[in-house]
Amino acid sequence: MPHTQHEFANRTANSCRRFHWIPSVQHSPCRPRINVETYEGQYSANKASEVQKRTFGSAATQIQRNPAYSELTSDDVSYFKSILGDNGVIQDEDRITVANVDWMGKYRGASQLLLLPKSSVEVSKILSYCNTRRLAVVPQGGNTGLVGGSVPVYDEVIVSLAGMNKIISFDNVNGILTCEAGCVLENLSTFVENEGCIMPLDLGAKGSCHIGGNISTNAGGLRFIRYGSLHGNVLGLEAVLADGTILDMLTTLRKDNTGYDLKHLFIGSEGSLGVVTKISVLTPAKLPSTNVAFLSCNDYTSCQKLLLAARRNLGEILSAFEFMDNNCIDLAMRHLEGVQNPLPASQTKFYVLIETTGSDESYDKTKLEAFLLRSMEDGLVTDGVIAQDISQASNFWRIREGISEASVKVGAVHKYDLSIPVEKLYDIVEEMRSRLGGKAEVLGYGHLGDGNLHLNILSSKYDNNILAQIEPFVYEWTSAQRGSISAEHGLGLMKAEKIHFSKSPEAVQLMGSIKKLLDPNLILNPYKVLPQSVL
Ligand code: FAD
Ligand code: MLT
Ligand code: ZN
């Protein structure tokens, strides 16, 4: 590895407590892109209804097809062809199969129709028709969702936004991007970077996920610690309601207190209240100096203390603080091609990736260097490297972002995405390990700076005995900490019936009323987000 040992390493008493120091990375490290790959699930497409009744999505998910929905007829297909043309109406088996299965190969529907509208008016015509006919619909973006929200459960019509991928405008004075919902996040990043800005969010799925999908899931991701939630960064949007009404809320104003801010209903509602068709989003300035450090810590308490110290000492330049336990690193080394652990193999239990982004290269470097030296002297960090070029930075990020990809390669992934006070966040990983006693591999990683744990439990195949050890324990435990059972991935199909672990009955009831007001025939993304009982 072309590391250059930093001069101050010699001043530390223990030669293991060293840093490999290198110049700052000038551009955002190019992170890996993922494409949607569907892993052959353990159940075939013709067993779609059985899939829903299996419990591997989440315990006790017993969903029957709602008989109020019509079944698709050839007249319906002819109507869709009349508004979208032949190219917008997909019945080809291979393409439908891909759209029926989620990214993990875990949730599989049995839709026979994929629609590809090219405008809001076409979306409006589709929904208005489906509403009248009572045909259920699943809005689909890049299909990278992790909770079974983006694929049909039964025979719902899939409405993909992939054909609506135009950038409408970019206001470079105010850094405001306006575009269609089907734009791929990575393409938007490239576009705004050429204009001197960055997208306020970034995630491992950027090469496939759509901005409309990001908004519909209220995706968090790797820049949340710096730029915050999409509830703050999305300025306006256009959505099409279930009856075909086009709701224009596409303002680009920073401040607008005229009545209820309805756009927030569509941010994070996972396609259950409308189809998002256009958005305007704030894009912060792209700063010239980026540094990425990959560090090891002996225990979780040190990771916590390091976070506090980073907040206090790196403050304005801190742009990511991600953590992974040793099991994650082992997994990444086993399953990700070409990836190397930048630190020597040791007894390390935890790894932390810190990124800083600022406007003054020498100031940022000095600040980070001083911080790392102090952290080593205080015993919070045992070893570490700082990327000396984009390729090293990319390798560090590849390890962190590749954990999901490596996880699905094991076979079965039970994925939990929890918000928990940072002090308690790793307790659930340890408890889960002792509950499972070696029957499954338990990984803990996530956006520590946001109090967001990703708990992945891996086994070679789905096994109800393992699931029974996990659920409802994981939800009860999280609820007891007053945490959230979905920090950023959403509820989808997996957790629709679990919302009460994080929300009061009154709040869930009100959500049900809002759903029924906006979508009285319940055609939008059925069986997802809310429990069947409130509808
Ligand atoms: P889809 O998966 O297609 O859909 C997700 C949900 O949104 C579904 O309920 C769907 O019906 C609805 N939807 C999609 N488009 C629209 C629309 N235009 N209008 C209305 N509803 C719509 N998530 C994070 O929050 N943080 C991460 O760091 C993160 N990292 C990931 C890394 C990997 C490798 C993978 C595979 C996933 C990751 N995810 C992450 C989860 C996922 O990528 C996000 O939830 C993403 O925002 C989904 O976007 P999508 O376009 O793929 O949406
Ligand atoms: C992540 O932070 O890597 C994502 O949310 C995806 C995942 O947990 O699989
Ligand atoms: Zn995440």
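These legends describe close-up views of a predicted model.

**Figure 1**
Another is made by a side chain, as an N or O atom of S216 lies 3.1 Å from a nitrogen atom of the ligand. A backbone N or O atom of G271 is 3.5 Å from a nitrogen atom of ligand 1. Taken on its own, ligand 1 has 970 Å² of accessible area, and the protein covers 97% of that area.

**Figure 2. Surroundings of ligand 2.**
The residues around ligand 2 are L146, R400, S404, K415, Y445, H447, H454, E488 and H489. Three of these side chains are shown with their distances to oxygen atoms of the ligand. For E488, a polar side-chain atom lies 2.9 Å from an oxygen atom of ligand 2. For H447, the distance from a polar side-chain atom to a ligand oxygen atom is 3.0 Å, and for S404 it is 3.2 Å. On its own, ligand 2 has 270 Å² of accessible area, of which the protein covers 85%.

**Figure 3. The largest cavity.**
The structure holds 5 cavities of 30 Å³ or more, and the largest contains about 850 Å³ of space. Its lining is made of 45 residues. Nearest the centre of this cavity lie T144, G145, L146, L203 and T217. Helix 6 (211-217) gives the largest share of the lining, 5 residues. At least two lining residues also come from each of strand 4 (137-140), strand 10 (275-282), helix 13 (390-401), helix 14 (403-410) and strand 16 (441-447). Sorted by class, the lining of the largest cavity has 24 polar, 15 nonpolar and 6 charged residues.

**Figure 4. The largest pocket.**
This pocket has a volume of about 800 Å³. There are 34 residues in its lining, and I267, G268, E270, L491 and K503 lie nearest the centre. Helix 18 (505-518) and helix 9 (263-266) each supply at least two residues of the lining. The largest share, 3 residues, comes from helix 18. Domain 2 (167-282) and domain 4 (412-487) each contribute at least three residues to the lining of the largest pocket. By class, this lining has 17 polar, 12 nonpolar and 5 charged residues.

**Figure 5. The second largest pocket.**
The volume of the second largest pocket is about 340 Å³. Its lining holds 18 residues, and those closest to the centre are L235, T251, D256, D261 and K263. Helix 8 (230-233), strand 8 (234-240) and helix 9 each give at least two residues to this lining. Helix 9 also supplies at least two residues of the lining of the largest pocket. In the lining of the second largest pocket, 7 residues are nonpolar, 6 are polar and 5 are charged.

**Figure 6. Backbone geometry at P472 and R482.**
Most residues other than glycine have a negative phi, and most peptide bonds are trans. The peptide bond that joins E471 and P472 is cis, with omega at about 5°. P472 is placed in the loop between helix 16 (464-470) and helix 17 (473-480). R482 is not a glycine, yet it has a positive phi of about 60°. The position of R482 is in the loop between helix 17 and helix 18.

How values were computed:
Residues are numbered from 1 along each chain as its sequence is written. Chains are lettered from A and ligands numbered from 1 in the order in which they are written. This is a predicted model: local features need pLDDT of at least 70, side-chain atom pairs count only at pLDDT 80 or more; totals for chains, interfaces and linings use all residues. Side-chain values use heavy atoms; hydrogens and water are left out. On a 1 Å grid over the protein atoms alone, a cavity is a set of points where a 1.4 Å probe fits but cannot get out, and a pocket is an open set with protein on both sides within 12 Å along at least five of seven lines; lining residues have an atom within 4 Å of a point. Grid points are joined across faces, edges and corners, and a volume is the space filled by probe spheres set on the points. Helices (H or I, at least four residues) and strands (E, at least two) are DSSP runs, numbered from the N terminus. Ala, Val, Leu, Ile, Met, Phe, Trp, Tyr, Cys and Pro count as nonpolar, Asp, Glu, Lys and Arg as charged, and the others, Gly among them, as polar. Domain bounds come from an automatic or database domain assignment. A residue is near a molecule or strand if one of its heavy atoms lies within 4 Å of it. A polar contact is a pair of N or O atoms within 3.5 Å; within protein, one must be able to donate a hydrogen and the other to accept it, and residues adjacent in sequence count only if both atoms are side-chain atoms. Accessible areas come from the Shrake-Rupley method with a 1.4 Å probe; for residues, only the protein chains shown count as cover.
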